[in-house]
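Thanks for coming. I will go through one model today, starting with its sheet and then moving to the helix packing and a few loop residues. Please have the coordinates open.

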Amino acid sequence: EGQRLAVKALKPEHRDDSEARQRFLREARAMHSVAHPHVVRIHAVGEERGTPYAVMDFIDGPDLAEVIKAGGPIEPGRVIRLGEQVARGLAAIHDEGIVHRDLKPHNVLLADGDHALIADFGVAHELDATRITGTGKLVGTPAYMAPEQFAKAPVDAAVDLYAFGTMLYEMLAGQPPFHELDLVNTIRAVREQPPEPLPDHLPQGLRDLVSRLVAKHPDARPTAAQAAETLAALA
């Protein structure tokens, strides 16, 4: 009683699109199964007069993108603390067989006490679900997408680890690795170019972790649980 909740509904322009409605409901139901302190909890999923909706926790705080925009690079100790929280939330999502596919600072909310929560299941994808997104349609935000997401290969949890590495890089540098490029050149850079090295004054262990997370080949990236343990050790 007295709990503040938020309701997310499918945008009006998509309500006549049966594919979009199916996808919204499927993905909301998938995320409904995730109960973790660092993932925004979905309490109910339904449909009212043809409009799918999800009821979730209301988080009264900024997102990580706002924090970076307002203050620039974040102090490494705080990056490690927040990063470990996000990694643990991501591990819980992956344990349920779900790939988020759009992890980025805008989708990490900060509640009181610098408590990080992964939000926005908008493009979450069950690993064993049939893709019902249109062929050739980009799902995600290019600057945070892994190289394999631009190919026609199936994606797995490793794409979220690439996005997580890009997010850690942005927290440390104040901007993502390929931030001033147009769409075509962003895609080319993600697929072919190494990011600029992070400054030498940052902890070596943290720089090494970011480097492993943004590896071009998915097999070279650690799991979310491994990343969380590395960050815990750095803390």
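Which residue in E3 does Glu47 stand opposite? Glu47 stands opposite Pro52.

Before going on, the ground rules. This is a predicted model, where local features need pLDDT of at least 70 and side-chain atom pairs count only at pLDDT 80 or more, while totals for chains, interfaces and linings use all residues. Residues are numbered from 1 along each chain as its sequence is written, and side-chain values use heavy atoms, with hydrogens and water left out.

Labels next. Helices (H or I, at least four residues) and strands (E, at least two) are DSSP runs, numbered from the N terminus. Two strands pair if DSSP finds at least two bridges between them.

Now the sheet. It is open, with three strands in the order E1-E3-E2, and the pairing is antiparallel. Strand E1 (5-9) and strand E2 (42-48) are at the edges with a single partner strand each, so one side of each has no neighbour in the sheet. From one strand to the next the twist averages 20 degrees.

Take the two pairings in turn. E1 pairs with strand E3 (residues 51-57) over five bridges, in the antiparallel sense. Within that pairing, Ala6 has Met56 in E3 as its bridge partner. E2 and E3 also run antiparallel and are joined by six bridges. These two form a hairpin with two residues between them, and Arg49 in the turn has a positive phi of about 50 degrees. As a reminder, most residues other than glycine have a negative phi.

Helix H1 (residues 18-32) lies across E1, E2 and E3 and runs at about 160 degrees to E2. For the angles, axes are lines fitted to C-alpha atoms, for helices over the stretch in contact, and angles run from 0 to 180 degrees between N-to-C directions.

The axes of helix H3 (residues 76-95) and helix H4 (residues 158-173) come within 11 Å and cross at roughly 165 degrees. H3 and H4 are therefore roughly antiparallel, a label for angles over 145 degrees.

Contact here means heavy atoms within 4.5 Å. Among the H3 residues that meet H4 are Val79, Leu82, Val86 and Leu90, and the H4 side includes Leu161, Phe164 and Met167. By class, this contact of H3 with H4 has twelve nonpolar, two polar and one charged residues. The classes are Ala, Val, Leu, Ile, Met, Phe, Trp, Tyr, Cys and Pro as nonpolar, Asp, Glu, Lys and Arg as charged, and the others, Gly among them, as polar.

H3 also packs against H7, at an angle of about 160 degrees and with the axes 8 Å apart. That makes this pair roughly antiparallel too. The crossing of H3 and H7 is left-handed. Residues making the contact include Ile80, Gly83 and Glu84 of H3 and Ala224, Ala228 and Glu229 of H7. They divide into eleven nonpolar, two polar and three charged.

What does H7 do with H6? Helix H6 (residues 204-213) and helix H7 (residues 224-234) pack at about 170 degrees with their axes 10 Å apart. H6 is thus roughly antiparallel to H7.

Last, some loop residues. Buried means under 20% relative accessible area, exposed over 50%, and partly exposed in between, with a 1.4 Å probe and protein chains only.

Glu148 sits in the loop between strand E7 (125-126) and H4. Its relative accessible area is 13%, so Glu148 is buried. Neighbours within four places in sequence aside, its contacts include Lys216 and Arg221.

Asp60 is in the loop between E3 and helix H2 (64-71). Asp60 is exposed, at a relative accessible area of 55%. Asp60 and Asp112 are 52 residues apart in sequence and 7.8 Å apart in space, C-alpha to C-alpha.

Arg101, in the loop between strand E4 (98-99) and strand E5 (108-111), has a positive phi of about 75 degrees although it is not a glycine. Arg101 counts as buried, at 5% relative accessibility.

Technical notes: Angles under 35 degrees count as roughly parallel, over 145 as roughly antiparallel, 65 to 115 as roughly perpendicular and the rest as oblique. A crossing is left-handed if the near helix is turned anticlockwise from the far one by less than a right angle, and right-handed if clockwise.
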